[in-house]
Amino acid sequence: MTLISRVKHKYAGAFAAALVVMSAGVGSKASAAVAGEMSEPARRLVEQCVGATDLRRYDDLVRKGDELARLGRADGSEAEELTGVSFSLRGKVNRRDTSDMSPTVIRLESRFPELFSAGEYGAAGYVAKALSLYYHFMGPDYSQASAYAFKALDCYRRAGHDEGEIEALSALASIYFSKSEASGFNYALESYRKSKKTGRELSVYVPASNMANYMFNQGKLGEALEYLSEAAAIARDSHM
């Protein structure tokens, strides 16, 4: 076995593990910024959902998402409610929940156009990202996953939230990687470069994992290991 073959064999598991987590979603200051349009209790819950997403605490994400949805219903705010429903769905998908998620998916799909038309780009972005994640991992249906990731990207850009844009770009990179399409590298690189400008390590974790996978597939093992090491250091330092 050649040296390169030995390296590939040794690290294949690590790259596969990185792929599992890289599309889980980037918790972001963008989420907190969008939440500024909500009531104060709802804003705090969004921040808690973001924190749970950052640290891959998916049981907490489902619980806080459900709490936000209940608060939205009580307040008569569909945007708040659907934001909570979206966070909860993301938690369930990431922990590979075996419950029937189809009623939630159908509802989110039916409400997305109205949220978008009403200019509720923050809530619409959450909805689109949750649907993209669902179709990526619970189907998979890569066509639907990429379509909703593009919609999320559009919503975040309209809302002017850079870290939401990073999240959507990272989702596209992950979906294209799953489809074995090399063109996804462009999304991976763009999200990585943008994440490095934020000065926020947790924003870099997913994009760095994406870059590690693409570099590995290109046979650039040295660069791949650098990106993987960067992601691993962030996970270690943040106690993921």
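This is a predicted model: local features need pLDDT of at least 70, side-chain atom pairs count only at pLDDT 80 or more; totals for chains, interfaces and linings use all residues.
C49 is buried, at a relative accessible area of 0%, where buried means under 20%, exposed over 50% and partly exposed in between, using a 1.4 Å probe and protein chains only. Residues are numbered from 1 along each chain as its sequence is written, and side-chain values use heavy atoms, leaving out hydrogens and water.

**Overall build**

- Read along the sequence, the pattern is simply α-α-α-α-α-α-α-α-α-α-α-α.
- Of the chain's 240 residues, 52% count as buried.
- Take the contacts (heavy atoms within 4.5 Å) between residues at least 6 apart in sequence: 65% of them join residues at least 24 apart.

**Cysteines**

- C155 counts as buried too, with 0% relative accessibility.
- A disulfide is a covalent bond between the sulfur atoms of two cysteines.
- The rule used here asks for a pair of cysteine sulfur atoms within 2.5 Å, and by that rule the count is zero disulfides.

**Two residues inside helices**

- H136 sits in helix α7, which covers residues 121–137, and is buried at 5% relative accessible area.
- The side chain of H136 makes a polar contact with the side chain of S178, at 2.8 Å. A polar contact is a pair of N or O atoms within 3.5 Å; within protein, one must be able to donate a hydrogen and the other to accept it, and residues adjacent in sequence count only if both atoms are side-chain atoms.
- Y227 is part of helix α12, residues 221–237, and counts as buried at 16% relative accessibility.
- Leaving aside residues up to four places away in sequence, Y227 touches Y192, A208, M211, A212 and M215.
- Y227 and A212 are 15 residues apart along the chain, yet their C-alpha atoms are separated by 5.0 Å.

**The largest pocket**

- Rolling a probe the size of a water molecule over the atoms shows where empty space is left.
- The largest pocket has a volume of about 170 Å³. On a 1 Å grid over the protein atoms alone, a pocket is an open set of points where a 1.4 Å probe fits, with protein on both sides within 12 Å along at least five of seven lines; lining residues have an atom within 4 Å of a point. Grid points are joined across faces, edges and corners, and the volume is the space filled by probe spheres set on the points.
- Helices α4 (58–75), α5 (78–94) and α6 (102–117) each supply at least two lining residues, and α5 gives the most, with four.
- Among the lining residues are D66, R73, K92, D100 and R107.

- Most residues other than glycine have a negative phi, and most peptide bonds are trans.
- G139 and P140 are joined by a cis peptide bond, with omega about -10°; P140 lies in the loop between α7 and α8 (142–159).
- R56, in the loop between α3 (40–54) and α4, has a positive phi near 60° and is buried at 16% relative accessible area.
- S180 also has a positive phi near 60°; S180 is in the loop between α9 (162–178) and α10 (184–196) and counts as exposed at 67% relative accessibility.
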